Amino acid sequence: MGTDTPRSTKINKKPQPEGGQAPVVQRVRIRYAKRGPLRFTSHRDFARAFERALRRAGVPIAFSQGFTPHPKISYASAAPTGVASEAEYLEIGLRAPVDPADLRVALDAALSPGLDVLDAVVADGGSLADRIEASHWWIELPGVDPVTLHRAVDAFTAAGEVLVERMTKQGRRTFDARAAVVRAVVREPAETPSEVTGVPCAILELVVRQVTPSVRPDDVLSGLRVVADLEPPVSPRVTRLAQGTLTAQGAIADPLEADRDRATIVER
(Lines give C-alpha, C1' and ligand atoms only; values in the text may rest on other atoms or scores of the structure.)
Protein backbone atom coordinates (compact mmCIF):
# COMPACT_ATOMS: atom_id res chain seq x y z
CA MET A 1 0.00 0.00 0.00
CA GLY A 2 1.06 3.56 -0.53
CA THR A 3 2.61 5.77 2.10
CA ASP A 4 -0.04 8.51 1.72
CA THR A 5 -1.96 9.41 4.87
CA PRO A 6 -5.32 10.61 3.53
CA ARG A 7 -7.73 12.76 5.52
CA SER A 8 -10.43 10.29 4.62
CA THR A 9 -10.33 6.92 2.89
CA LYS A 10 -13.93 7.23 1.70
CA ILE A 11 -14.84 8.85 -1.59
CA ASN A 12 -18.63 9.02 -1.16
CA LYS A 13 -20.37 8.88 2.21
CA LYS A 14 -23.69 7.81 0.64
CA PRO A 15 -24.41 4.05 0.59
CA GLN A 16 -24.30 2.16 -2.66
CA PRO A 17 -27.69 1.92 -4.40
CA GLU A 18 -29.37 -1.45 -4.54
CA GLY A 19 -30.06 -1.38 -8.28
CA GLY A 20 -27.48 1.17 -9.26
CA GLN A 21 -28.91 1.84 -12.74
CA ALA A 22 -27.65 5.42 -12.81
CA PRO A 23 -25.70 6.13 -16.03
CA VAL A 24 -21.93 6.17 -16.22
CA VAL A 25 -20.71 9.77 -16.04
CA GLN A 26 -16.99 9.08 -15.63
CA ARG A 27 -14.61 6.25 -16.44
CA VAL A 28 -11.37 5.81 -14.52
CA ARG A 29 -8.45 3.59 -15.50
CA ILE A 30 -6.39 2.07 -12.72
CA ARG A 31 -2.97 0.47 -12.53
CA TYR A 32 -2.32 -1.90 -9.65
CA ALA A 33 0.37 -4.33 -8.48
CA LYS A 34 0.34 -7.90 -7.13
CA ARG A 35 3.33 -8.33 -4.83
CA GLY A 36 4.80 -10.86 -2.42
CA PRO A 37 2.44 -13.66 -1.31
CA LEU A 38 -0.49 -11.82 -2.92
CA ARG A 39 0.85 -12.89 -6.33
CA PHE A 40 -0.95 -16.17 -5.63
CA THR A 41 -4.30 -14.35 -5.65
CA SER A 42 -6.36 -15.67 -8.55
CA HIS A 43 -8.10 -13.25 -10.88
CA ARG A 44 -11.48 -14.26 -9.46
CA ASP A 45 -10.32 -13.68 -5.88
CA PHE A 46 -8.85 -10.30 -6.82
CA ALA A 47 -12.13 -9.31 -8.48
CA ARG A 48 -14.00 -10.12 -5.26
CA ALA A 49 -11.46 -8.22 -3.16
CA PHE A 50 -11.65 -5.22 -5.48
CA GLU A 51 -15.45 -5.10 -5.31
CA ARG A 52 -15.23 -5.16 -1.50
CA ALA A 53 -12.65 -2.35 -1.65
CA LEU A 54 -15.02 -0.28 -3.79
CA ARG A 55 -17.72 -0.65 -1.14
CA ARG A 56 -15.37 0.13 1.76
CA ALA A 57 -14.03 3.20 0.00
CA GLY A 58 -17.53 4.44 -0.83
CA VAL A 59 -16.74 4.63 -4.55
CA PRO A 60 -19.86 5.61 -6.59
CA ILE A 61 -19.54 2.64 -8.91
CA ALA A 62 -22.13 2.30 -11.68
CA PHE A 63 -23.94 -0.98 -12.27
CA SER A 64 -25.18 -2.84 -15.31
CA GLN A 65 -28.89 -2.99 -16.11
CA GLY A 66 -31.12 -6.02 -15.63
CA PHE A 67 -32.26 -8.32 -12.82
CA THR A 68 -28.72 -9.10 -11.61
CA PRO A 69 -26.76 -5.82 -11.82
CA HIS A 70 -22.97 -6.08 -11.80
CA PRO A 71 -20.47 -3.32 -11.06
CA LYS A 72 -19.03 -1.70 -14.17
CA ILE A 73 -15.48 -3.08 -14.04
CA SER A 74 -13.44 -4.30 -16.99
CA TYR A 75 -10.03 -5.96 -16.68
CA ALA A 76 -7.20 -5.90 -19.21
CA SER A 77 -5.03 -9.00 -19.60
CA ALA A 78 -4.73 -10.20 -16.00
CA ALA A 79 -1.49 -11.97 -15.02
CA PRO A 80 -1.68 -15.72 -14.30
CA THR A 81 -2.06 -16.90 -10.71
CA GLY A 82 1.34 -17.11 -9.00
CA VAL A 83 2.85 -14.37 -11.14
CA ALA A 84 3.75 -11.03 -9.53
CA SER A 85 3.02 -7.86 -11.44
CA GLU A 86 3.78 -4.16 -11.34
CA ALA A 87 1.42 -3.41 -14.21
CA GLU A 88 -2.14 -4.74 -13.98
CA TYR A 89 -4.91 -2.58 -15.41
CA LEU A 90 -8.65 -2.19 -15.06
CA GLU A 91 -11.33 0.38 -15.85
CA ILE A 92 -14.35 1.31 -13.74
CA GLY A 93 -17.51 3.21 -14.67
CA LEU A 94 -18.78 5.69 -12.07
CA ARG A 95 -22.21 7.24 -11.55
CA ALA A 96 -20.64 10.40 -10.08
CA PRO A 97 -17.30 12.07 -10.87
CA VAL A 98 -14.39 11.67 -8.46
CA ASP A 99 -10.85 13.00 -8.21
CA PRO A 100 -8.63 10.16 -9.50
CA ALA A 101 -5.87 10.95 -6.98
CA ASP A 102 -8.33 10.63 -4.07
CA LEU A 103 -9.72 7.46 -5.62
CA ARG A 104 -6.26 5.90 -5.81
CA VAL A 105 -5.54 6.63 -2.14
CA ALA A 106 -8.94 5.36 -0.96
CA LEU A 107 -8.76 2.10 -2.92
CA ASP A 108 -5.16 1.47 -1.89
CA ALA A 109 -6.17 1.86 1.76
CA ALA A 110 -9.11 -0.53 1.29
CA LEU A 111 -7.05 -3.35 -0.26
CA SER A 112 -4.63 -5.70 1.51
CA PRO A 113 -0.91 -4.87 1.44
CA GLY A 114 0.48 -6.54 -1.66
CA LEU A 115 -2.51 -5.53 -3.76
CA ASP A 116 -1.36 -1.97 -4.31
CA VAL A 117 -3.09 0.73 -6.36
CA LEU A 118 -0.35 2.66 -8.16
CA ASP A 119 -2.14 5.04 -10.51
CA ALA A 120 -5.59 6.27 -11.53
CA VAL A 121 -6.52 8.52 -14.45
CA VAL A 122 -9.77 9.66 -16.02
CA ALA A 123 -10.30 7.73 -19.26
CA ASP A 124 -10.11 9.83 -22.42
CA GLY A 125 -12.08 7.59 -24.73
CA GLY A 126 -10.82 4.69 -26.78
CA SER A 127 -10.38 1.16 -25.50
CA LEU A 128 -7.90 0.26 -22.77
CA ALA A 129 -7.59 -3.25 -24.21
CA ASP A 130 -6.50 -1.79 -27.57
CA ARG A 131 -3.52 -0.16 -25.81
CA ILE A 132 -2.26 -3.49 -24.45
CA GLU A 133 -0.10 -4.98 -27.20
CA ALA A 134 2.77 -6.58 -25.28
CA SER A 135 4.13 -7.41 -21.83
CA HIS A 136 7.59 -7.04 -20.29
CA TRP A 137 8.51 -10.00 -18.05
CA TRP A 138 11.31 -10.65 -15.54
CA ILE A 139 11.91 -14.34 -14.82
CA GLU A 140 14.24 -15.52 -12.04
CA LEU A 141 15.49 -19.10 -12.44
CA PRO A 142 17.13 -20.34 -9.21
CA GLY A 143 19.48 -23.23 -9.81
CA VAL A 144 20.07 -22.33 -13.47
CA ASP A 145 23.50 -21.09 -14.50
CA PRO A 146 23.43 -17.96 -16.72
CA VAL A 147 25.71 -19.64 -19.28
CA THR A 148 23.27 -22.53 -19.62
CA LEU A 149 20.38 -20.11 -20.01
CA HIS A 150 22.32 -18.15 -22.67
CA ARG A 151 22.71 -21.31 -24.76
CA ALA A 152 19.02 -22.17 -24.43
CA VAL A 153 17.89 -18.63 -25.33
CA ASP A 154 20.22 -18.57 -28.36
CA ALA A 155 18.68 -21.83 -29.60
CA PHE A 156 15.17 -20.51 -28.99
CA THR A 157 15.65 -17.20 -30.78
CA ALA A 158 17.40 -18.91 -33.71
CA ALA A 159 14.44 -21.23 -34.26
CA GLY A 160 11.82 -20.28 -36.81
CA GLU A 161 9.12 -22.00 -34.78
CA VAL A 162 8.96 -23.59 -31.32
CA LEU A 163 5.83 -25.66 -30.75
CA VAL A 164 4.60 -26.16 -27.18
CA GLU A 165 1.47 -27.62 -25.63
CA ARG A 166 -0.78 -26.19 -22.95
CA MET A 167 -4.20 -27.03 -21.58
CA THR A 168 -6.65 -24.20 -22.36
CA LYS A 169 -10.39 -23.71 -21.88
CA GLN A 170 -10.79 -25.26 -25.32
CA GLY A 171 -8.72 -28.31 -24.36
CA ARG A 172 -5.07 -29.14 -25.01
CA ARG A 173 -3.62 -26.92 -27.73
CA THR A 174 -0.33 -26.86 -29.61
CA PHE A 175 0.95 -23.44 -30.63
CA ASP A 176 4.12 -21.55 -31.54
CA ALA A 177 5.82 -19.94 -28.51
CA ARG A 178 8.54 -18.30 -30.61
CA ALA A 179 6.68 -15.90 -32.91
CA ALA A 180 5.24 -13.77 -30.09
CA VAL A 181 8.62 -13.16 -28.41
CA VAL A 182 9.95 -9.74 -29.41
CA ARG A 183 12.99 -9.81 -27.12
CA ALA A 184 14.66 -12.44 -24.94
CA VAL A 185 17.74 -11.35 -22.99
CA VAL A 186 19.72 -13.05 -20.24
CA ARG A 187 20.55 -10.63 -17.42
CA GLU A 188 23.33 -11.03 -14.90
CA PRO A 189 21.87 -10.55 -11.40
CA ALA A 190 23.39 -7.49 -9.72
CA GLU A 191 22.31 -8.88 -6.36
CA THR A 192 20.73 -12.05 -5.06
CA PRO A 193 17.19 -11.94 -6.48
CA SER A 194 14.10 -12.97 -4.54
CA GLU A 195 16.19 -13.90 -1.48
CA VAL A 196 17.71 -16.88 -3.30
CA THR A 197 20.99 -17.91 -1.66
CA GLY A 198 23.66 -20.52 -2.22
CA VAL A 199 22.72 -21.40 -5.81
CA PRO A 200 23.20 -19.74 -9.20
CA CYS A 201 20.20 -17.78 -10.40
CA ALA A 202 19.88 -16.82 -14.05
CA ILE A 203 17.49 -14.07 -15.07
CA LEU A 204 15.53 -14.02 -18.31
CA GLU A 205 13.98 -10.76 -19.51
CA LEU A 206 11.22 -11.07 -22.10
CA VAL A 207 9.04 -8.80 -24.20
CA VAL A 208 6.11 -10.80 -25.55
CA ARG A 209 3.30 -9.69 -27.86
CA GLN A 210 -0.34 -10.24 -26.96
CA VAL A 211 -1.56 -12.94 -29.35
CA THR A 212 -4.27 -15.61 -29.43
CA PRO A 213 -3.76 -18.02 -27.82
CA SER A 214 -1.70 -15.96 -25.40
CA VAL A 215 1.98 -16.83 -24.97
CA ARG A 216 2.83 -16.75 -21.27
CA PRO A 217 6.23 -16.90 -19.57
CA ASP A 218 5.71 -20.58 -18.75
CA ASP A 219 5.12 -21.24 -22.45
CA VAL A 220 8.49 -19.66 -23.28
CA LEU A 221 10.11 -21.81 -20.59
CA SER A 222 8.43 -24.85 -22.17
CA GLY A 223 9.97 -23.72 -25.46
CA LEU A 224 13.43 -23.60 -23.86
CA ARG A 225 12.88 -27.16 -22.72
CA VAL A 226 11.92 -28.17 -26.27
CA VAL A 227 14.95 -26.61 -27.97
CA ALA A 228 17.62 -27.06 -25.27
CA ASP A 229 16.33 -29.48 -22.61
CA LEU A 230 16.42 -26.67 -20.05
CA GLU A 231 14.68 -27.90 -16.89
CA PRO A 232 14.79 -25.44 -13.94
CA PRO A 233 15.19 -27.48 -10.73
CA VAL A 234 12.76 -25.25 -8.81
CA SER A 235 9.80 -23.11 -9.81
CA PRO A 236 10.75 -19.83 -11.50
CA ARG A 237 9.72 -16.53 -9.98
CA VAL A 238 7.98 -14.37 -12.58
CA THR A 239 7.13 -10.66 -12.46
CA ARG A 240 5.36 -8.58 -15.08
CA LEU A 241 7.16 -5.24 -15.14
CA ALA A 242 5.02 -3.48 -17.74
CA GLN A 243 2.38 -3.92 -20.38
CA GLY A 244 1.15 -1.54 -23.04
CA THR A 245 1.72 -0.42 -26.61
CA LEU A 246 4.82 -1.77 -28.35
CA THR A 247 6.93 0.99 -29.88
CA ALA A 248 9.05 0.70 -33.03
CA GLN A 249 12.12 0.45 -30.79
CA GLY A 250 10.67 -2.55 -28.93
CA ALA A 251 9.88 -0.60 -25.76
CA ILE A 252 6.52 -0.67 -23.99
CA ALA A 253 4.56 2.57 -23.70
CA ASP A 254 2.40 3.28 -20.65
CA PRO A 255 -1.24 2.68 -21.69
CA LEU A 256 -2.42 5.47 -19.36
CA GLU A 257 -0.10 8.10 -20.82
CA ALA A 258 -2.58 9.25 -23.48
CA ASP A 259 -5.26 9.81 -20.82
CA ARG A 260 -2.76 11.68 -18.64
CA ASP A 261 -1.63 13.86 -21.54
CA ARG A 262 -5.22 14.74 -22.41
CA ALA A 263 -5.96 15.70 -18.79
CA THR A 264 -2.94 18.02 -18.79
CA ILE A 265 -4.12 19.74 -21.98
CA VAL A 266 -7.64 20.24 -20.54
CA GLU A 267 -6.25 21.71 -17.31
CA ARG A 268 -4.25 24.26 -19.28
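Predicted model: local features only at pLDDT ≥ 70, side-chain atom pairs only at ≥ 80, totals over all residues.

How do we find empty space at all? Rolling a probe the size of a water molecule over the atoms shows where such space is left.

Start with the largest pocket, which holds about 590 Å³ of space. Its lining is made of 21 residues, and those nearest the centre are A78, P80, R166, S214 and R216. Strand 5 (134–142), strand 6 (163–168) and strand 9 (201–209) are the elements that each contribute two or more residues to this lining. Which of them gives the largest share? That is strand 6, with three residues. Sorted by class, the lining of the largest pocket has nine nonpolar, seven polar and five charged residues. Domain 1 (26–130) and domain 2 (133–252) each supply at least three residues to it.

Now turn to the second largest pocket, with a volume of about 330 Å³. Here 19 residues form the lining, and D218, L221, S235, P236 and V238 lie nearest the centre. Two or more lining residues come from each of helix 4 (217–228) and strand 10 (237–246). Helix 4 gives the largest share, five residues. By class, this second lining counts nine nonpolar, four polar and six charged residues.

Terms used: Residues numbered from 1 in each chain as written. Heavy atoms only, no water. 1 Å grid on protein atoms, 1.4 Å probe; cavity = no way out; pocket = protein on both sides within 12 Å on 5 of 7 lines; lining within 4 Å. Points joined across faces, edges and corners; volume = space filled by probe spheres on them. Helix = DSSP H or I, 4+ residues; strand = E, 2+ residues; numbered from the N terminus. Nonpolar A, V, L, I, M, F, W, Y, C, P; charged D, E, K, R; others polar. Domains from an automatic or database assignment.
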